[in-house]
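Student: I would like to learn how to read a few features of a protein model. Can we go through them one at a time?

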Amino acid sequence: MNSKRLLLGDEALALGAINAGLSGVYAYPGTPSTEITEFIQLNPLARERKLHSHWSANEKTAMEEALGMSFCGKRALVCMKHVGMNVAADGFVNSAFTGANGGLVVVAADDPSMHSSQNEQDSRYYGQFAFIPTFEPSSQQEAYDMMGYAFDFSERMGLPVLMRMVTRMAHSRGVVAEGEVRAENPLKYPEKTRQWVLMPGNSKVRYKELLKDWDKCEQESENSPYNTLSEGTDKSMGIIANGIAYNYVMECFPEGCPFPVLKISQYPLPTGKIKKLVDECDSILVVEEGQPFIEERVKGMLGTPKPIRGKLSGDLPRTGELNPDSVREALGLPALPKQGASQVVMPRPPALCQGCSHRDVYAALNDVLKEYENPKVFGDIGCYTLGWLSPFNAIDTVVDMGASISMAKGAADAGQHPSVAIIGDSTFTHSGMTPLLDAINENNNMVAIISDNLTTGMTGGQDSQGTGKLEDICIGLGADPKHVRTIDALPKLHSELMDLMREEIEYPGLSVIICRRECIQTARRHAAAKAKEAKK
């Protein structure tokens, strides 16, 4: 197959997985990873093969579901944003001990500059920590090609692998030439069944094998086609660059880089290649997107008096994304002429959509809480997080998925009243059910508001796992049915919504209020689809 396509990095990775014989993708939507699963859901071959592509409740379940598919010999893909790795960490770290049977690739999409995230954590540390080899494409073509290579590698080594993307790679486009399309794996069960049972006696044996496997992975990195050392004529400086940062280096030298460059896209680090570069050059510049992962290890492994520059030395910024300008400065090149700020597109602060149901929830909540001396509202992760901003200024905390209910419970334990949690429907089924169970068991004096817009709104309107089930879930967990209240979040019901909130705040126990109205964006899409269908 010689066809070429213009694809996002996420799309190139997804197509590479499908063509490599994928049997299922497991994911929870999170920018910048969402488009991977969406591409697979819409791909004709994936539909023809009926590949699994339903959204999972959260990243932990996604990781474990994919591990189950791998156990059966099939190739599985797990996708999440970087903070999702924290949720999936239990299964991810332990998957190094179980190993992989069918190829298992875990994609973590990091978000330098925090375009839509709480932090800038670097997922390469998870790979190192868990003894799981890591790949990092430097182009859309590599993202496509690496998927087949990574699945083969996973099966050959008997290990899951981590594929690290970053926002700029995930959401930029490049031309991709497709390769062959491979069939799915047949069902085939593990030969070493003992290591899939992580009892201490089994794991102690497996850990010794895993350390030997890690040594083999390092040798694989030395010989990897994705870790390349290009010779240069000027040995005053050697450059080590990872993934997309490699492009920034090469962009600074359109006629060819005069310095030796070691491009790293597969981990563990190829120590032999690094030592060769250091021996040949007077100094080393490490250009990497994310945290100083390579720079720290180069300093530690070499113990050399030669200068090693990068983020730790202050030659490159520690925060945010790299760009050609910051890399030019680190290379000692003159700055390019600056372009003035566009007067056509001016910056605009984010805001909840006009007509959004969350607006009506916050309007009623703010009006009710004016009646109380020291109310506290604990927020959560979703588009309703924008309620922190003007004009609502309605929430006091946002930490991580599900923390609204957990923190409201802890505050209630401390004697806070009113203690109110506000959480979205998708976030509730992701991480809100377990803290609600704690609050139910202790009948905390608090109110949990589930602002149900019938979708995962922040990432574009994916299916929400709790649609049509929220009342049953809360009552099934043990909440008092008399204090699981549901109301339509409509402007005309503002007074009724205020009355309901006031009643449940005054109730000395655990209350759940479900405020329901479909997301304005998905409602418009659904209405347009119905109108189009009616015309046929």
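Predicted model: local features only at pLDDT ≥ 70, side-chain atom pairs only at ≥ 80, totals over all residues.

Student: At what angle do the axes of H7 and H9 cross?

Tutor: Helix H7 covers residues 140–157, and its axis crosses that of H9 at roughly 145 degrees. The two axes come within 12 Å.

Student: Which residues in H7 and H9 meet?

Tutor: From H7 there are Phe153, Arg156 and Met157. Their partners in H9 are Asp213, Lys216, Cys217 and Glu220. By class, the residues of this contact are 3 nonpolar and 4 charged, with no polar ones.

Student: How many salt bridges does the model have?

Tutor: The general idea is that side chains of opposite charge can pair when their charged atoms come close. Here the rule is a Lys or Arg side-chain nitrogen within 4 Å of an Asp or Glu carboxyl oxygen, and the count comes to 33. One case joins the side chains of glutamate 64 and lysine 60, with 2.6 Å from N to O.

Student: Where do glutamate 64 and lysine 60 lie?

Tutor: Both are in helix H4, residues 59–71. They are 4 residues apart, which is about one turn of the helix.

Student: Which residues form a nonpolar patch on the surface?

Tutor: Phe71, Leu187 and Tyr189 do, and together they have about 310 Å² of accessible area. Tyrosine 189 sits in the loop between strand S7 (173–177) and helix H9 (200–222).

Student: Now the backbone. Is the peptide bond from tyrosine 267 to proline 268 cis or trans?

Tutor: That bond is cis, and its omega is near 15 degrees. Proline 268 belongs to the loop between strand S11 (266–267) and helix H11 (271–280). Another cis peptide bond runs from serine 390 to proline 391, with omega near 10 degrees. Proline 391 is in the loop between strand S14 (376–378) and helix H15 (403–413).

Student: What is the phi of lysine 50?

Tutor: Lysine 50 is not a glycine, yet its phi is positive, about 55 degrees. This residue lies in the loop between helix H3 (44–49) and H4.

Note on methods: Residues numbered from 1 in each chain as written. Heavy atoms only, no water. Patch = residues over 30% accessible without salt bridge, like charges linked within 9 Å, V, L, I, M, F, W, Y side chains within 5 Å. Areas by Shrake-Rupley, 256 points an atom, 1.4 Å probe, with all protein chains shown as cover. Helix = DSSP H or I, 4+ residues; strand = E, 2+ residues; numbered from the N terminus. Axes fitted to C-alpha atoms, helices over the stretch in contact; angles between N-to-C directions. Contact = heavy atoms within 4.5 Å. Nonpolar A, V, L, I, M, F, W, Y, C, P; charged D, E, K, R; others polar.
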